[in-house]
Amino acid sequence: MRCGFRALVVVALLCCFLTQIPAQTYIRTNGTKERVSEMRSAIERYTVDRGSLTRSYPVSVSPWRRGRFKKFYNEWLSSLQSLDFDSMSQDGKIDYLLFKNHLEYELRQLDIQARQISEIEPIVPFATKIIDLEEARRRMEPIDSAKTAAMLNDLRKQVDDQRRTIERNTDIKKTVANRAAVAINNLRNNLRNWYTFYNGYDPMFTWWNEEPYKALDQSMTSYATYITEKIVGIRSESSSQTPAGQNRGPGGGGQRPGTATARPGDSSDIVGDPIGREALLSELRSEMIPYTPEELIAIGEKEMAWCENEMKKASRDLGYGDDWHKALEHVKNLYVEPGKQPQMIRDLALEAIKFVEDHDLVTVPELAKETWRMEMMTPERQLVSPFFLGGETILVSFPTNSMAHEQKMMSMRGNNIYFSRATVHHELIPGHHLQGFMAARNKPYRAIFGTPFWSEGNSLYWELLLWDLGFAKTPEQRIGMLFWRMHRCARIIFSLSFHLEKMTPQECIDLLVNRVGHERDNATAEVRRSFDGSYGPLYQIAYLIGGLQQYAMHKDLVDSGKMTNRAYNDALLKENRIPIEMLRAAITNQKLTRDFVTNWRFYDHR
């Protein structure tokens, strides 16, 4: 009864807070009058409150954490109903819909996480007791050191018994086993946090618990290693190796899985965790994309066919006929000698900036041109990211003297002059660096709604637009741009097919090698990066799909004469990283309702 009363009080307070949101106001920034969304203060309040809860409930698999966040999201969702949506400005309506969409997505994710955890409970039946220890510590409850020592000893026996049970029954799905191993290693981290808090500061605690803790930790380490090596099939470099998998799922939050065991020529560490069709539809709903996974795969195949046809045209121009794979081999061998890559990157960056400015395509602030930087990528990082990464700093991938000859050649061929030319503007200007520069200065409170369909999609949109405007003048330059476009088509096909459990990681690698023309180590690294848990399940499709969304808007608004290239491209950068349908609503001043449902079929007429 008391808990229910508290919940009503909290909702009432939230409602009071939100109903007191003032009418839209204006602020002055650098002498310019700027509108402020009616929802901004609520979103900023939510963001800091969410951060406080995240830090206070650090055990990601904890049912108490899940319950607390479910209450939190429902309270905010309920409070939105009290607002007068129709009286809001367009910015306020967009923020309202973004906020509502975000809260509904987070609630769905809690349910999906609960189902994922239930799948591993038979493998990790001791998890709840370890979670209880850390949760009790967080609540600053008094501790009985002698009872705790007995509990740790019993837990060690339970872990050992469970391992023997698993050894007798290895009929466990590899992805579920890997998820369980990830959870065990993260539970070890939780247990270590708990033990370290008391150890040494409470002499009685240390006297009772030092040996039971060490024995339990060793048993958990051994159990996780057994699952990783014998059931999942991954070779571990050390007994504490975190398994490959999804750190976004149960037990996530430790070291990034899948990278420490990466070896040239070896793909055994790539396991991943397919989320299934239902979870994919939830992700697509959150991104406001009214297509099914199967429809998106069909788009990827259609775009791939267009690329293959264009590849044949470029191949003919180089004298290779329709055998575009030979033409691609020719381009791969056009790389700079060791030590010359940074200068090449600098020249390509300046070329792209000059092109967009000469064609009046987008506003490039002088400070943005001044503040991008360059760093070289380590050999270890290149096993996961074989090509450039960017933003304010572009990370350059090129072989070092410590690499084996085969890896040196694959890196140079994969980062040749013409592949690099099509990558630099994606990472710097007009791509990620310009995006980040503008997002930091325009509606930064919307960062919580960030999506790769805006960030990666915008960089890919520039590739589509620059192709149309003749940025690629020679057959080699066209092949360089087409290679990456084919790569993004393949990402749609293999990533969605993997999560639908229709392709294995090895089949994904083979697709990149055979249909796109990747070097095998580079293809392996791309698939490793796609499924190691560093990115969301839709991240890899966001490049081309987000690009096609922004390209479709360009057709509607610029090709029709309603906007200039510069006005449109500037507008894309001023709403921050939000789902593209809401970006479209802002630019076109689309009429919105409180019960808005995504319905923009951006590809149907392409």
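Which residue with a positive phi follows H21? In the close-up of that helix below, the residue is Gly533, with phi near 95°.

This is a predicted model, in which local features need pLDDT of at least 70 and side-chain atom pairs count only at pLDDT 80 or more, while totals for chains, interfaces and linings use all residues. Residues are numbered from 1 along each chain as its sequence is written, and side-chain values use heavy atoms, with hydrogens and water left out.

**View 1. Helix H21 (residues 520–531) and its surroundings.** Helices are DSSP runs (H or I, at least four residues), numbered from the N terminus. Eleven of the twelve residues of H21 are buried (under 20% relative accessible area, 1.4 Å probe, protein chains only), among them Asp521, Arg528, Arg529 and Phe531. The cover over these buried residues includes helix H14 (379–382), helix H15 (405–414), helix H19 (475–499), helix H20 (505–516) and H22.

**View 2. Helix H24 (residues 580–588).** Seven of the nine residues of H24 are buried, so the helix is largely enclosed by the rest of the structure. The buried residues of H24 pack against helix H4 (90–120), helix H18 (452–468), helix H22 (539–557) and helix H23 (565–572), where contact means heavy atoms within 4.5 Å. Asn589, with a positive phi near 55°, follows H24.

**View 3. The crossing of helix H12 (residues 341–358) and helix H16 (residues 417–427).** The axes of H12 and H16, which are lines fitted to C-alpha atoms over the stretch in contact, come within 9 Å and cross at roughly 50°. Residues making the contact include Met344 and Leu348 of H12 and Arg421 and Val424 of H16.

Key. Axes fitted to C-alpha atoms, helices over the stretch in contact; angles between N-to-C directions. Helix = DSSP H or I, 4+ residues; strand = E, 2+ residues; numbered from the N terminus. Buried < 20%, exposed > 50% of the residue type's maximum accessible area, 1.4 Å probe, protein only. Expected span 1.5 Å × (residues − 1).
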